[in-house]
Amino acid sequence: MIDRILLEKLKSNFTEAIRVIATNKVRTFLTALGIIFGVAAVITMLAIGKGAEKEILSQLELVGVNNIVITPIPDDKDDEDSNSEESSDGVESKKFSKGLDLDDAKSILSNIPSVKNVSPEIIMDTYVINNGRQNSVKLVGVSTSFFNTSNILIDKGKNFTKHQLNNALPVCIIGKSIEKKLFTGESAIGKYIKVKDVWLQVVGIIEEKLISEKAQENLGIRDLNQDVYIPVKTFLVRYKDRKIISDKPLDTGGGMVFFSGNQSGPKKRIPRGNYHQIDKLTIQVSNSNELKSTAEVLSRMLKRKHNNVLDFEITIPIQLLKQQQKTKQIFNIVLSIIAGISLLIGGIGIMNIMLASVLERTKEIGIIRAIGATQEDVILQFLSESVLISIGGGIIGIFIGIIASYAVEIATGIETILSFNSILLSFFVATLIGLIFGIAPAKAAANKSPIEAIRYE
């Protein structure tokens with residue numbers, strides 16, 4: 001019985017609240033603007049945050065959680081001031097470094113206990129031919145550990161065997177896109193493709209990896225689906241080994257030099273170019289807590305092996321990603337503050353308009369109190385109005401937030417992910433704002449003396 005009476009009261013109050021709001025449409029809409037923009041900002045912020053979280057996790061999967069990446073610095077890019085010396089006869093020379101090579105990979109694996117896997121890579125832009133069709137590809141010389149350190153699964157076929165690796169056999173593992181282009185509608189396993197001048201047998205196909213252009217740019221990741229992978233020794237034996245002396249000028253240890261026509265003029269040095277045997281070295285550490293210390297040991301070890309020439313660069317991808325994540329978190333915090341301020345302003349706006357409404361309706365309050373309405377009835381009446389304004393603003397804000405989330409993704413390329421929980425949270429916050437900021441005006445109305453209220457002009 002009591003519940004039924006309460007429900008009737010609530011129904012009556014909300015009906016009256018709708019009538020009052022409908023009478024003052026423009027004023028109500030302007031009052032709700034703060035709630036509308038606040039809710040929209042909250043939904044957009046949460047969508048951007050979830051999108052950023054997904055992007056970071058997908059990038060972590062691509063680069064590996066416990067990886068350290070070593071890349072060479074070619075001769076024409078390194079610091080000549082720090083790596084150069086001047087001989088007694090005034091000739092500018094350069095310290096000799098053997099460059100990043102497979103010996104470095106072996107030494108790292110055997111001498112640093114924290115290292116779990118070492119994966120060298122040699123990369124060459126070339127072309128592949130099959131049935132008269134030619135496509136540009138990247139030919140990548142790798143070891144079996146490459147697929148583990150890079151989180152790449154073999155979808156069909158199998159990984160390289162030790163026999164294939166040690167004997168430089170002409171075998172390859174190809175990306176999914178290569179299979180689709182060259183072997184439309186059929187499996188590539190066991191078939192042959194001609195990469196540059198060498199026929200290679202396909203022994204495996206990697207699982208398709210969806211990598212955004214942004215991730216490729218930020219992390220230096222290739223489109224793995226377009227690569228042809230061969231054993232690193234196969235690359236060195238059948239394609240190119242930069243450590244083998246060619247008919248090009250030889251660096252004798254003091255750097256290749258020649259003089260200008262005028263002996264007293266400026267001295268010039270012939271650059272050695274990219275003398276590094278490998279293009280990338282990925283080190284997988286057993287424990288993520290050892291990443292920084294292992295990187296320091298690697299730096300000292302490689303400098304010693306390279307004659308104190310800093311011709312390599314060490315990066316820890318997970319630290320770069322954490323920095324990106326921190327930047328995005330700061331952005332989300334700023335957006336959260338803006339959303340909070342909008343909601344606060346919206347709440348203050350509701351309180352202000354409700355207090356004004358109390359003054360306008362003082363006589364009405366006195367009349368309803370005189371005919372039997374209790375203080376509780378008056379409080380429920382004004383709370384119903386403030387909550388309805390908030391709910392209405394919240395619903396409009398939800399639609400604007402959804403549209404804004406998609407607009408941000410289209411305009412900036414930042415992935416946004418909408419979730420039911422974020423929409424529900426925004427709606428709950430909007431309702432709560434109306435309830436909290438409506439209490440003071442409702443109490444002010446209920447505390448008015450019926451006689452004084454009736455006399456109010």
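Is Phe147 buried or exposed in this predicted model? At a relative accessibility of 3%, Phe147 counts as buried, because the limit for that class is under 20%. The legends below begin with the surroundings of this residue.

**Figure 1. The aromatic pair of Phe147 and Tyr229 in the predicted model.** The rings of Phe147 and Tyr229 are arranged edge-to-face, with 5.7 Å from centre to centre and 70° between the planes. Phe147 belongs to helix α5 (residues 146-149) and Tyr229 to strand β10 (residues 227-231), so this contact ties together parts that are 82 residues apart in sequence. Tyr229 has a relative accessible area of 0% and is therefore buried.

**Figure 2. The aromatic cluster around Phe146 and Phe147.** Five aromatic pairs are found in the structure. One of them joins Phe146 to Phe147 in an edge-to-face arrangement, with 5.2 Å between the centres and an angle of 80° between the planes. The relative accessible area of Phe146 is 1%, so this residue is buried. Through ring pairs, Phe146, Phe147, Phe160 and Tyr229 are linked into a cluster.

**Figure 3. The salt bridge between Lys156 and Glu179.** The side chains of Lys156 and Glu179 meet at an N to O distance of 2.9 Å. This pair links distant parts of the chain: Lys156 is in strand β6 (residues 154-157) and Glu179 in helix α7 (residues 176-182), 23 residues apart. The two partners fall into separate accessibility classes, as the values show. Lys156 has a relative accessible area of 29% and is therefore partly exposed, while Glu179, at 5%, is buried.

**Figure 4. The salt-bridge network that includes Lys176 and Glu179.** Glu179 also forms a salt bridge with Lys176, at 4.0 Å from N to O. Both residues lie in helix α7, three residues apart, or about one turn of the helix. Lys176 is buried, because its relative accessible area is 14% and the class extends to values under 20%. Salt bridges with shared partners join Asp155, Lys156, Lys176 and Glu179 into one network.

**Figure 5. The salt bridge between Lys98 and Asp104.** Eight salt bridges are found in a search of the whole structure. Among them is the contact between the side chains of Lys98 and Asp104, with an N to O distance of 2.8 Å. Lys98 is partly exposed, with a relative accessible area of 21%. Asp104, in contrast, is buried, with a value of 0%.

**Figure 6. The largest cavity and its lining.**

**Figure 7. A nonpolar surface patch formed by residues of α2 and α13.** Val26, Phe29, Leu30, Ile396 and Ile400 make a nonpolar surface patch of about 460 Å². At least two residues of the patch come from each of α2 (25-63) and α13 (375-412), and α2 supplies the largest share, three residues. Val26 is located in helix α2. With a relative accessibility of 61%, Val26 counts as exposed, because that class covers values over 50%.

Key:
Residues numbered from 1 in each chain as written. Heavy atoms only, no water. Patch = residues over 30% accessible without salt bridge, like charges linked within 9 Å, V, L, I, M, F, W, Y side chains within 5 Å. Areas by Shrake-Rupley, 256 points an atom, 1.4 Å probe, with all protein chains shown as cover. Helix = DSSP H or I, 4+ residues; strand = E, 2+ residues; numbered from the N terminus. Buried < 20%, exposed > 50% of the residue type's maximum accessible area, 1.4 Å probe, protein only. Phe/Tyr/Trp six-rings, centres within 6.5 Å; stacked < 30°, edge-to-face > 60°. 1 Å grid on protein atoms, 1.4 Å probe; cavity = no way out; pocket = protein on both sides within 12 Å on 5 of 7 lines; lining within 4 Å.
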